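Please read these points with the model open beside you, and take them one at a time.

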Amino acid sequence: MTYDAAVVGSGPNGLVAAITLAAAGRRVLLLEAADGFGGALRSAELTLPGLVHDVGATVLAMALVSPAFRALGLTTIVPFAQPDVAVAHPLDDRPAALVHRDAGRTAEGLGRDAAAWRASIGAAARAGLPLVETLLSPLSPPRAPVAAARFGLLGALPATVLGRALFRTVEGRALLAGMAAHSVLDLRAPITGGYGMLLAASAHMVGWPLVRGGSQVLADALVERLRRLGGITVSGHRVRDLRELDAPIVMLDVTPRQFLRMAELPTGYRDRLRRFRYGPGVFKMDWALDGPVPWSDPEVARAGTVHLGGTLEEIALSEAEVSAGRHSPRPYVLLVQPYAADPTRGGHTLWAYCHVPRGSPADMSAAIEAQIERFAPGFRERVLARHTMNTADLERFDPNLVGGDINGGTGSLGQFVKRPVWSPAPWRTPLPGVYLCSASTPPGGGAHGMGGYHAARLALREHP
Ligand SMILES: Cc1cc2nc3c(=O)[nH]c(=O)nc-3n(C[C@H](O)[C@H](O)[C@H](O)COP(=O)(O)OP(=O)(O)OC[C@H]3O[C@@H](n4cnc5c(N)ncnc54)[C@H](O)[C@@H]3O)c2cc1C
């Protein structure tokens, strides 16, 4: 059988690219190296039999705001589960700061910073999906130019500067830092404030949900959609050389380092790809617990996501250490308690990671658990089983997680649109019909599928 398009890799970007091509009537072959589909959306029984853990992405706000997934009618194909509280940020010796779905309620909880929250994060949330679409399509004409310009004025700032300029309370500043640290950048770097604002605003727009039953449910639904459109899916097939593929369109859900190994590339382009920069890695942990985490502040139990790391100053220090190539002794920890939203995962599972230097072999379990104990004394006694993945384990699980980098390359100002090269169409490569579509292309990391969407639409225009 001949195909109009071959897609290599079944992460959210590969799947969205394949579906977009198949929906346009192309005969699509999808090849995946792993035994299962979904890339970093896969779930597995990592600790005890019957317990479902998300190995990679778990809180899928970006999927809900993504124009690509919205076009697929995502919420009608998978059930999302919303926790009572989107995000909790525990603090020493005072109540936790909380981000609710409702911006007004969140603002009220911030006392002196109520007006500032409404005017910054609240305004971004009110600008809504047209603003998000503008930010997720940075090389297209903006859908919301005025809102984007307003957002850009504040969002261009480092999170440390923006946090101190906008907010006066420890809580307001800590919330922004916890959000901004998802960027895996030094919080003194430009645009980290923007990452924080966008993520916080997304909690007000669509909540911070999980997929009921695990992220794999979303991956499976996408695979099912592709098959119904006539796509052929093959797992356990790693593409090592592009000459294996015989199709006029080739979509690569891989990062530049893998692409460099798959094909002879013109020297100039090859050198530009070699200059692409990967970011720090993560150390991932999953637990099976015999009950909920015993948080000192019981409000934290209502949250799906918990940001651990204390004040803005402390989180900024932790992230600066990692960016400088060192391990933070008190790391910023991103923790998710799925049972707060989704009772179908077989019990009390817990998910967390902290940032580490790229390629680090370090075991950060003790440091991560110390941060949890700090805000939930007695936590360790609840642990029935634990599972850890260092940066090499992550890369074995998914070769796109180069050195443990979960975003397919650093999302710094320099690489926000220069991804992986400067170009009005960076998805296109110099090889005829070959496109990159992974998180290493705009708009970067996150389970939104937008790299795949942009790449596939470009390919359809160029191969009518
Ligand atoms: C631990 C962790 C936590 C995360 N948390 C979140 C979160 O909560 N929310 C969120 O929005 N995002 C999160 N992310 C980020 C998000 O998962 C990624 O940005 C997203 O999955 C990138 O999608 P992708 O399609 O570009 O690549 P991937 O999902 O990495 O998929 C790439 C696929 O390509 C396959 N592949 C690679 N090379 C080949 C080859 N040569 N031949 C065949 N197949 C190949 C791989 O096996 C893999 O299946 C997290 C990621 C990780 C790892």
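**Notes on the model**

1. Ser120 is buried, at a relative accessible area of 3%, where buried means under 20% relative accessible area, exposed means over 50% and partly exposed lies in between, with a 1.4 Å probe and protein chains only. The model is a predicted one, in which local features need pLDDT of at least 70 and side-chain atom pairs count only at pLDDT 80 or more, while totals for chains, interfaces and linings use all residues. Residues are numbered from 1 along each chain as its sequence is written, and side-chain values use heavy atoms, with hydrogens and water left out.

2. Ser120 belongs to helix 6 (residues 114–136); helices (H or I, at least four residues) and strands (E, at least two) are DSSP runs, numbered from the N terminus. Apart from neighbours within four places in sequence, Ser120 is in contact (heavy atoms within 4.5 Å) with Leu154, Leu166, Phe167 and Met197.

3. Ala149 lies in helix 7 (residues 145–155) and, with 47% relative accessibility, counts as partly exposed. Between the C-alpha atoms of Ala149 and Leu131 the distance is 9.8 Å, although the two are 18 residues apart in sequence.

4. Strand 11 (residues 281–289) has nine of its nine residues buried, and is therefore largely enclosed by the rest of the structure. Gly281, Phe283, Met285, Trp287 and Leu289 are on one side, with Val282, Lys284, Asp286 and Ala288 on the other.

5. Strand 11 runs antiparallel to strand 14 (residues 348–356), joined by nine bridges, and Gly281 stands opposite Val356. With strand 15 (residues 383–389), strand 11 pairs (at least two DSSP bridges) in the antiparallel sense over six bridges, and Asp286 has His387 as bridge partner there.
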